[in-house]
Amino acid sequence: MIDIKNKGLLNSFTNLTTNSFNKSNLNNQRIYSNVISGKDQTPSFSYLRNLNCLNYNDLKSMLKYNKINYAAILNEAQNMSEIEIGPVVKLPRPDKRIRESISKTLELRKSVRKYSGNLIDLSDFSTILHYSFGTNHNTTKYETAETQGRYFPSGGGLYPIDVIVFCNKVEQLKRGFYKYQPRTHTLLKIPTKEFKATKFFPGGIDTENSNFIIFFRYSISKTYLKYGELGMMNVFIEIGCMSENFDLVTSAMGRGSCPIAGFSKQYLENILYIDGVDQYLLFSNVCGDEQ
């Protein structure tokens, strides 16, 4: 028998609701049949049916923001949004290149859930963050603004995802939460409520022996003003690209990773003071030395 808690499908933070159309047999097969026959609807099917339906106001916003080069102006100003004084950790310079070939890295990639508990070297940690989520040397000029490239694509160049890092067993770093600042390649210490790392996931993940955990924080205000409802699709794709980058870089650096959607969202948002109005945690990925 499969332990569904250990698969992250159900935990104490899951919100359970009843379906008035399906009282006799509450299972996904019956719900699916009801939806296909037009007797019921679900958020997933509703979203997919309307995925590429643009409202006129969305189209106007996209044209306006493209005309004023909003993304380029925002991108150029992001240096000023990164804090360089106070509780900031300056990371060592990342390696100039990752020595493992792309074909070998793809062969090595797998999900790893059990870890040895060995510390990760600060230099390796720095290199992983840089090549997964940092900036590269590609620049593009848009009239008076100049943008700096990243190692992953972003819809409209808006980059609405912040990388929140829980450092657990990282050399020279205190255990706790940090925000990665890609342009200055630094970590900003984040204040939190008291927490237990064992509550981050419902089960099956060796949190205590992991090196660090990535949580992807989304700010809806960064995409909705331009894309409206279409922004959500862009964000899901972007997080997938970021997480796959992370998987490949950690594999190339000899570490294991495990992308996880079934994290304790409400618990983590509460301890991180995330408002649940403009900001949300959407995904996670764990890194550790394979046991």
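This is a predicted model: local features need pLDDT of at least 70, side-chain atom pairs count only at pLDDT 80 or more; totals for chains, interfaces and linings use all residues.
Tyr224 is found in helix H7, residues 221-227, where helices (H or I, at least four residues) and strands (E, at least two) are DSSP runs, numbered from the N terminus. At 41% relative accessibility, Tyr224 counts as partly exposed, because that class lies between buried, under 20% relative accessible area, and exposed, over 50%, with a 1.4 Å probe and protein chains only. The side chain of Tyr224 makes a polar contact with the side chain of Glu229, at 2.7 Å; a polar contact is a pair of N or O atoms within 3.5 Å, and within protein one must be able to donate a hydrogen and the other to accept it, while residues adjacent in sequence count only if both atoms are side-chain atoms. Tyr224 and Asp58 are 166 residues apart in sequence, and 8.9 Å apart in space from C-alpha to C-alpha.

Residues are numbered from 1 along each chain as its sequence is written, and side-chain values use heavy atoms, with hydrogens and water left out.

Let me turn to helix H1. In H1, residues 28-36, the buried residues are Ile31, Asn34 and Val35. They lie on the same side of H1, because they cover an arc of only 100° around the axis, the arc being that of the directions from the helix axis to the C-beta atoms. These buried residues pack against helix H2, 43-49, where contact means heavy atoms within 4.5 Å. Gln29 and Ile36, on the other side of H1, are exposed, and just after the helix Gly38 takes a positive phi of about 80°.

Now to the sheet. Seven strands form an open sheet in the order S1-S6-S5-S4-S7-S9-S8, with antiparallel pairing; two strands pair if DSSP finds at least two bridges between them. Strand S1 (88-90) and strand S8 (256-260) stand at the edges with a single partner strand each, so one side of each is left without a neighbour in the sheet. Strand S5, residues 176-181, and strand S6, residues 186-189, run antiparallel and are joined by four bridges, and Tyr180 stands opposite Leu187 in S6.

Finally, helix H6, residues 122-133, packs on this sheet, touching strand S4 (161-167), S5, S6 and strand S7 (212-219). Helix H8, residues 231-252, also packs on the sheet, and touches S4, S7, S8 and strand S9 (279-288).

Terms used: Axes are lines fitted to C-alpha atoms, for helices over the stretch in contact, and angles run from 0 to 180 degrees between N-to-C directions.
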